[in-house]
Amino acid sequence: MSEQNQNSKVNKSTTSSSNTPNTPEASKLAGAQAVPTSGWRKLLSKKWAFPALYVAAAAIILTLVWVYQGSNLQPLQTSGTKTQVETTQGTDAAAGTQEDVKAVVSNNETLGWPVEDVQGVDVVMGFFDAAASKEDQQRAVVEYKQTFTPNSGIDLARKDQKPFEVLAAMSGTVTRAEQHPMMGNVVEIDHGNGMKTVYQSVAELKVKKGDAVKKGAAIASAGRSEMEKDLGVHVHFEVFDGTTPVNPSSLLAKN
């Protein structure tokens with residue numbers, strides 16, 4: 001029995017060897033099984049491999065998007081005639097707009113104070129100037145119900161808080177004369193060439209929309225407003241070049 005078992009094992013070994021073809025292709029396949037794992041597979045087996053590849057791909061995509069958008073950007077167009085004055089702009093922008101207004105005034109008539117007795121009134125709140133100091137800017141902010149608004153004009157009042165006549169600062173046409181719930185009565189005068197003046201917090205209107213007024217004509221009396229009620233009896237005076245507010249104090253001088 002032992003001899004038969006030994007013969008059977010020898011026969012199986014011989015059969016297994018004879019079933020394996022001894023060809024070059026077989027040798028290559030056999031050799032391929034012994035080839036170690038490639039470098040890429042080792043790299044990809046790392047935990048940080050896929051996150052790193054994702055970040056790199058995202059960076060490439062973003063770069064392509066920026067390049068595409070940059071090639072489609074067009075330069076900003078400017079009017080070339082007027083400079084908008086906002087709280088974030090500097091001295092040059094404000095000076096440019098003021099020069100435009102001065103040119104308009106010199107071609108017609110000078111801008112006057114909206115009161116007869118200039119020495120009898122004080123500027124109780126000034127114009128918010130982007131080029132002014134922080135202290136001056138803080139004094140030129142209107143506070144109403146925890147809302148802070150840069151003052152777009154100047155506010156004039158008497159020390160004794162008595163009313164006074166409000167005059168047209170220049171000749172022109174009244175384009176607005178009405179009551180406003182926040183600013184009291186409002187009068188607006190168009191002086192041509194894009195220039196206009198606005199008088200707020202006034203009472204006893206003496207003009208109506210469409211009236212032609214001369215410089216120095218009485219148009220109302222100083223009054224009160226809900227927006228600036230802390231200032232008492234006063235007039236809020238604004239000068240505009242188009243839609244841009246200009247500091248009235250830069251165009252006026254007490255005489």
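**Note on salt bridges and overall build**

1. K208 is exposed, at a relative accessible area of 54%; exposed stands for over 50%, buried for under 20% and partly exposed for the range in between (1.4 Å probe, protein chains only). K208 forms a salt bridge with D211, with 3.2 Å between the closest N and O atoms. A salt bridge here is a side-chain nitrogen of Lys or Arg within 4 Å of a carboxyl oxygen of Asp or Glu.

2. The model is predicted: local features need pLDDT of at least 70, side-chain atom pairs count only at pLDDT 80 or more, and totals for chains, interfaces and linings use all residues. Residues are numbered from 1 along each chain as its sequence is written, and side-chain values use heavy atoms, without hydrogens and water.

3. The protein has six helices and twelve strands, taken as DSSP runs numbered from the N terminus (helices H or I, at least four residues; strands E, at least two). Of its 255 residues, 32% are buried.

4. The whole structure holds eight salt bridges. One of them joins the side chains of K206 and E165, at 3.0 Å from N to O. K206 lies in the loop between strand 8 (195–203) and strand 9 (212–213), and E165 in strand 5 (residues 165–167), so the pair ties together parts 41 residues apart in sequence. K206 is partly exposed at 42% relative accessible area, and E165 is partly exposed at 37%.

5. K196 and E188 also meet through their side chains in a salt bridge, at 3.7 Å from N to O. K196 is partly exposed, with a relative accessible area of 24%, whereas E188 is buried at 16%.
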